[in-house]
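My notes follow the structure.

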Amino acid sequence: MSDILQMAEGRLGRVIAVRLRPGTDVLPGLEEACKRARINNGVIVSIIGSLSEVRFCDPIEIAGKRAKYGYGDPLQLEGPIELTSASGIICHDDEGVTNLHVHVTLSDKDGNAYGGHLVNGTKVLLTTDVVIAEIEGVVMGRKFDEELEVPIFSPRPAEAENQ
């Protein structure tokens, strides 16, 4: 059996606070904040706010996939929606392109709760408030896993990049 985990050790660096304005698509807004702050190794510490529409995915069984699971078509909710919390990681691929992996917890006007993997098309209603921390000493990689047939988190020590 192979090792049960992959890990790298680092420390938190700079912290940025961001407010996304009404109408902003959340994921592209977060990508722009990371670009402006030059962060592609990081963690989303906190996200709260309100949304006019939400798109997210949850895992489903997929016949024919080796791992038997993947994400289905996006689910969509129309607002107003409360974004009660979200967290995620700020990774990048081997070419250095930033890749965010964000999960959300939501509630509608009737208090029904939802959650899942955030996708493009999620729009800010009044505000979305975000705190992002840069991670130093860890390469926050994300790679397509041939066995699982999905992109996966692939952290490694930053020193490994210089060898």
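These entries cover the helix first, then the residue.

Entry 1, ground rules. I am working with a predicted model, where local features need pLDDT of at least 70, side-chain atom pairs count only at pLDDT 80 or more, and totals for chains, interfaces and linings use all residues. I number residues from 1 along each chain as its sequence is written, and side-chain values use heavy atoms, with hydrogens and water left out.

I took helices (H or I, at least four residues) and strands (E, at least two) as DSSP runs, numbered from the N terminus. H1 covers residues 26-37, and its end C-alpha atoms are 16 Å apart, in agreement with the 16 Å that its 12 residues should span at 1.5 Å a residue (1.5 Å times one less than the number of residues).

I listed Val-26, Leu-27, Gly-29, Leu-30, Ala-33, Cys-34 and Ala-37 as the buried residues of H1 (buried is under 20% relative accessible area, exposed over 50%, partly exposed in between, with a 1.4 Å probe and protein chains only). Down the axis of H1, they fall within an arc of 160°, so they line one face (the arc is that of the directions from the helix axis to the C-beta atoms). Lys-35 and Arg-36 are exposed on the face turned away from the buried side. Just after H1, I found Arg-38 with a positive phi of about 60°.

I found Glu-134 in strand E8, residues 123-136. Glu-134 counts as buried because its relative accessibility is 15%. Its contacts (heavy atoms within 4.5 Å) include Arg-11, Arg-14 and Arg-38.

Technical notes: Lists of a residue's contacts leave out its neighbours within four places in sequence.
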